[in-house]
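Welcome! Please take a look at the sequence and the structure first, and then we will walk through some of the details together.

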Number of protein chains: 2
Amino acid sequence: MKAYLKHHEWQIIEERFNPHYNKISESVFSIGNGRMGQRANFEEEYSGETLQGSYVAGVYYPDKTRVGWWKNGYPEYFAKVLNAPSWIGIHVMIDNQKLDLAKCKVNNFKRVLDMKTGLLTRSFSATLPDGKEVRVVAERFCSMALSEVGAIRYTIMPVNFSGKGIVSLSVDADVANKDSNYDEKFWEEVNRQTEDGKAHVTVQTKKTKFHVCTAMRYFIEEAGKPIVGRINLEERDKYAGNVVQLDFNEGKEIVIVKYAAVLSSENHVKENMVSSCYAVLDRAVKNGFDSLLNDHAAVWGKKWKECDITIDGDVAAQQGIRFNIFQLTQTYTGEDARLNIGPKGFTGEKYGGSTYWDTEAYCLPFYLGTAKQHVARNLLVYRYKHLQKAIDNATKLGFKNGAALYPMVTINGEECHNEWEITFEEIHRNGAIAYAIYDYVRYTGDHDYLTSHGLEVLIGISRFWAQRVNWSAEKKQYVMLGVTGPNEYENNVNNNWYTNYLAVWSLRYTLECIRNIKSMTGSAYKNLVTSLQFDEESEGTKWNHIVSNMYFPEDQVRGVYLQQDGFLDKELLTVNDLKPEERPINQKWSWDRILRSCFIKQADVLQGLYFFEEQFDLETIRRNFDFYEPMTVHESSLSPCVHVILASMLGYEEKAYEMYLRTSRLDLDDYNNDTEDGCHITSMAGTWMSVVKGFGGLRVIDDKLHLKPFIPKQWKSYSFRIEFRNRVIKVTVYKNRTETFLEEGEPLEIMLAGESIWLEGERLSV
Amino acid sequence: MKAYLKHHEWQIIEERFNPHYNKISESVFSIGNGRMGQRANFEEEYSGETLQGSYVAGVYYPDKTRVGWWKNGYPEYFAKVLNAPSWIGIHVMIDNQKLDLAKCKVNNFKRVLDMKTGLLTRSFSATLPDGKEVRVVAERFCSMALSEVGAIRYTIMPVNFSGKGIVSLSVDADVANKDSNYDEKFWEEVNRQTEDGKAHVTVQTKKTKFHVCTAMRYFIEEAGKPIVGRINLEERDKYAGNVVQLDFNEGKEIVIVKYAAVLSSENHVKENMVSSCYAVLDRAVKNGFDSLLNDHAAVWGKKWKECDITIDGDVAAQQGIRFNIFQLTQTYTGEDARLNIGPKGFTGEKYGGSTYWDTEAYCLPFYLGTAKQHVARNLLVYRYKHLQKAIDNATKLGFKNGAALYPMVTINGEECHNEWEITFEEIHRNGAIAYAIYDYVRYTGDHDYLTSHGLEVLIGISRFWAQRVNWSAEKKQYVMLGVTGPNEYENNVNNNWYTNYLAVWSLRYTLECIRNIKSMTGSAYKNLVTSLQFDEESEGTKWNHIVSNMYFPEDQVRGVYLQQDGFLDKELLTVNDLKPEERPINQKWSWDRILRSCFIKQADVLQGLYFFEEQFDLETIRRNFDFYEPMTVHESSLSPCVHVILASMLGYEEKAYEMYLRTSRLDLDDYNNDTEDGCHITSMAGTWMSVVKGFGGLRVIDDKLHLKPFIPKQWKSYSFRIEFRNRVIKVTVYKNRTETFLEEGEPLEIMLAGESIWLEGERLSV
């Protein structure tokens, strides 16, 4: 844990230049707008430790997998979000010395990410090796209003000298992915050009042939007057820019404004990319920096109005939750059903920018609760569109008759990870995808989605489960062998309780949906039978038999469900038995030791109890929580939020708050010692859930919104807003009362702490 | 299965040029001498499918591992036997046309590997694109008498033309490994030189800095008279040679004799490598081709006298067993304790040329039975020398106090594979290394080895087992979690019966050896306590407790041991339930499907029953064999031999013979469709065991040699020779009798079919 950032309600603030923390800060201070984003790399050249990263949504490269020993059925490639052309470069030379913070004396360094307006500001004084000092202020944003536009205002003032300087302004597409499997560069040039004041480079990805055109224009002023320095044009492969010679005058600020436009062939015709790009760019230039920034900040203002959570009396917690909401919002806006949410968003390359089950299990509730219905629906449609590929994937693995196995990791519907224990065995993701349909319909009441899309997916998934289980002659029950549950600190286990439960639930829910459709709309059911060749006689019977005869590992003595067969053979220790220097165990212990230990990355069984709490009594949940929580090391960022929610439900307020702090400040305080790779974007949705479903106790039961809030004792009050069936409801929780307020939409009845109340627009206090 | 080679008692014969089978033949026709070896690549250039391969014993490269997702404790590198400088090149051009069999019309092609003399001969007629025809005979061997020398006699005759030709004779070190993880070349040049008639190149491996100097000289004659053509010297990086211009005269044979010397810094001082190399080369040249070949053949004659197995009445079986013995003999001579036996020997790169448990479990009995005692002892000493590295390896994985985990795959004592399920979990190899000590002492009676070396290894291994098990509060027994047994079609299983049994046996045997040493030689025991800090009080007590309280999975109903916990949850099918097109399943099924199926690559439990047959009654062995054999797909080359031995013991003669054919002709008939990567050298020792321990029923019990032969009904007779405690015993088995003959050494009592007989030098027939 590294607590080096200043606590502040609306801002992330770094007040000292610490090169050792630079990569962490580059992640934390990342900016984006759902269409593109970037790490908080410096505009100047920097020879110190850095992970350069700019990203464009939807553009990926199928990097050949790196596999030690090929096994049949392995995915051919590991999809990678691309480190995209960089438009931020403003390289400064003064008297032949590079302005490079790794080689200067740096004073008054400050980096501020203003979450209210989405503006990244960095300021510092730098003394060059020969004693010349400059003062720099760099402001940057990726426009939320014009999502293909970014802008920088870079102010540089010579403090103690006058002299000659050179400023290079470029578009640099000669970039590489750090995690390229074979040190290959993924981009090749299509075209480039530079002339006075502007430049562009169009590149395409190898193999996938995505085009990205990046153009820049810039303007330089001193004391409000344009400067026209001598310009040399600089071009090389995948790089174009201007080198401008300037006179620096002591005490006089030079202001450089650089505009960029980034267009991808996902949204534009390749043939017209260059002209389209300049059209977007010219529009930005015409607006000007301040106007662009205003428009950008206005969008943020609207977003915050929709999804802010306030916490009174705990600045660290307030900053934490806003940071999570900020990052989520700038990662995914939900307007494009081709896009999804990568584990690192636009803050790093790790996990390839691909879609995991995180989306369904963690992100969906956030978007259900904070955005209009179509946003969450788009996340479901994303999987619907990939159904055929999920069927193909299952077929490749030997399944038949329309069984669908969604990929564990994907960018286009195909499986693209490279570990058998993940791709072949973490089949629980199939259940999460089914669960998300249920969760969406439960929250929104949009039953039509089932008929139009959902049931098709559910049937594919259920067909998979029905083939994946086998009858154990020994147990005289169905079993599921060779799986890996969400607890990845176990691999290739038999009868993972969570997976078995999800499978049975999927089958039951699918059958229920089929029954409903059959009873309600005759033609829809007929279509089903025709197009999906669903055979109720044989398939339905088999599914029901599995539902009634599935095996679940349990410990009758302790009254708990067992993570998998043989779990009780382990030496049952608790996290308190671990020495501090042994943690995190995934960095300190060898893999085999982790696998045979009882320690849990994220608790399977508790995940299941969280999903299906209404199917268990509170004491069962308590026994399981009390059994598993002490063994859970939370080395998955997805883990703590589920514990917050369950602990809240069980009245374990201290534990809930402890876990909340861990999830909400995971990246700000670099809890898991890995934020330098990027922020844990998908788990940030878990932080939101921690407050709303955990502390706030939000549930939707039988089409009715339920709240059962408690307030951590460290807080004075907290509030959140909920989108629910065309209403916006604001909930404020105080020490001794809860206020609910219908901000938008028709009156409705909700349940607050078990009492029915009628929301009609006045502030209700209970 | 590809039955394209002609059956012959002493030769491997290919009578047709089939480019599709060329890589298989390159493997099968490989030649070597324990110091170096090579695939049967052509001397001429060949643009068709080929896997080029020359290998020098002990020279390796630590190639950076290729791992999809790094986990703590992973080995840094995957050791690779190197594709070494090639000295075979004799490239021929006639009128600007390359002699390249892929581009000629080829007639009368014949490739013969004469196993009696170790000579590879290839002959063919080739018609060039312009109609010119040449007749070529190429003879080649790696001298068993001078192990750093190779020689080629290449005879070429223009059949229907006279004209100009060019012959290039070179040393080519600009070679790469096909399985390089990152397409890197592993050699860099140290020096090179060429002058008229000779050339050399010295290269070193990157990182490991092994030097290999390869030099060649050649002589060209026509009608017995030397030809001095115009010579151009050709040099480039890592390549040196002569380009000789020749006149071809219709019907006149040109004979090129090329000699090569290959020296490595494993055996020579780097500074003098070039001069040493030419000294060896000059000695070879002085001898001349015929004399070198005679000396080489004479060594083979002696080897065959020692270890030949004859089979009368079954040419395919005869050829098979000789091929296995031939390849084993040219892979490992046992004179250098730094060397060991790679799974592919000198016939391919796969498995990196590293040492596996194959050596202890399969190869050791072959060398015990066919070579002088020091050869087998050298194999044990190899591991003894690696003990500290095995302790380091265990320490790295979290074990303490001198616990030793030998690597699953190694070339210098360090673990160097790259799959966690192999390196971390296939810990059964530790047991095989302990077993080999027991097996060696049992066979040779060399108890001193225990005091001098063996016990130290046994204690390190036992310390590992004692820490690797854990107490199950549930079972109230010790369990061993998270292992992979020899059946690699299961990964990360709990309580693998074979591993649990080996662990307990290791502990018991170590304790027994300690007791013996304590009772016999007081000072040896004291040394043990001092140097190894063995604490009988605490360690001995713990070990005994484990021995008495280990859990073994069993099926009480069927009366069989279970491969691991949960095995009975599987759908129990037999190999007969598989469709032919589904086999081999490792090429047709996805990995997850294999893992959760009941199908067995090689049967764990049967391996254990084979090792420890005296600890089980015959009916127990039978029940287990009957249970597991039908589920075993034998997709490990190490599998069938164990089944031959058990089937023989159980009187299942048909099954024994079926399995024998499979192992003995595995490569000749390319059973597993993978011989193109190289021959299955280590499993060849299993073929020998099949005959001697299987059909011959050889055992050593209480210092006495036992035989219990049967003869497959397809055979008239068979014979084998056995080295046993300074005797050589020849055994010939006929339909109705067995002849034993003491060829060397003092008289001794042996047991034949349960009867005691006294061998004194006369031929005994029973």
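B:Val493 sits in the loop that runs between strand 23 (477-479) and helix 11 (497-520) of chain B; helices (H or I, at least four residues) and strands (E, at least two) are DSSP runs, numbered from the N terminus. This is a predicted model, in which local features need pLDDT of at least 70 and side-chain atom pairs count only at pLDDT 80 or more, while totals for chains, interfaces and linings use all residues. Residues are numbered from 1 along each chain as its sequence is written, chains are lettered from A and ligands numbered from 1 in the order in which they are written, and side-chain values use heavy atoms, with hydrogens and water left out.

Is B:Val493 buried or exposed? B:Val493 has 8% relative accessibility, so it counts as buried; buried means under 20% relative accessible area, exposed over 50%, and partly exposed in between (1.4 Å probe, protein chains only). Leaving out residues up to four places away in sequence, B:Val493 touches B:Met480, B:Leu481, B:Gly482, B:Val483 and B:Gln564, where contact means heavy atoms within 4.5 Å. B:Asp358 is 135 residues from B:Val493 in sequence, and 21 Å separate the two in space, C-alpha to C-alpha.

A:Asp592 belongs to helix 15 (residues 591-596) of chain A and is buried at 2% relative accessibility. Setting aside its neighbours within four places in sequence, A:Asp592 is in contact with B:Leu397 and B:Phe424.

Next comes a sheet in chain A. Its 5 strands form an open sheet in the order 8-7-13-19-18, with antiparallel pairing; two strands pair if DSSP finds at least two bridges between them. Strand 8 (97-98) and strand 18 (230-236) of chain A are at the edges with a single partner strand each, so one side of each has no neighbour in the sheet.

| Strand pair (chain A) | Bridges | Facing residues |
|---|---|---|
| Strand 7 and strand 13 | 5 bridges | A:Ile94 and A:Gly165 |
| Strand 13 and strand 19 | 10 bridges | A:Leu169 and A:Asn242 |
| Strand 18 and strand 19 | 7 bridges | A:Leu233 and A:Asn242 |

Strand 19 (residues 239-248) of chain A has 8 of its 10 residues buried, so it is largely enclosed by the rest of the structure. Strands 18 and 19 of chain A make a hairpin with 2 residues between them, and A:Lys238 in the turn has a positive phi of about 65°.

Now for the nonpolar cores, which are sets of buried Ala, Val, Leu, Ile, Met, Phe, Trp, Tyr and Cys residues joined through side-chain atoms within 4.5 Å. The largest has 484 residues, and those with the most contacts inside it are A:Leu99, A:Leu101, A:Tyr154, B:Leu99, B:Leu101 and B:Tyr154. Another core, of 22 residues, lies apart from it and includes A:Tyr259, A:Val280, A:Leu281 and A:Ala284.

Finally, how many cavities of 30 Å³ or more does the structure hold? There are 12; a cavity is a set of points, on a 1 Å grid over the protein atoms alone, where a 1.4 Å probe fits but cannot get out, and lining residues have an atom within 4 Å of a point. The largest cavity has a volume of about 170 Å³, a volume being the space filled by probe spheres set on the points. Its lining has 20 residues, with A:Tyr74, A:Asn418, B:Tyr74, B:Asn418 and B:Glu419 nearest the centre.

Conventions
On a 1 Å grid over the protein atoms alone, a cavity is a set of points where a 1.4 Å probe fits but cannot get out, and a pocket is an open set with protein on both sides within 12 Å along at least five of seven lines; lining residues have an atom within 4 Å of a point.
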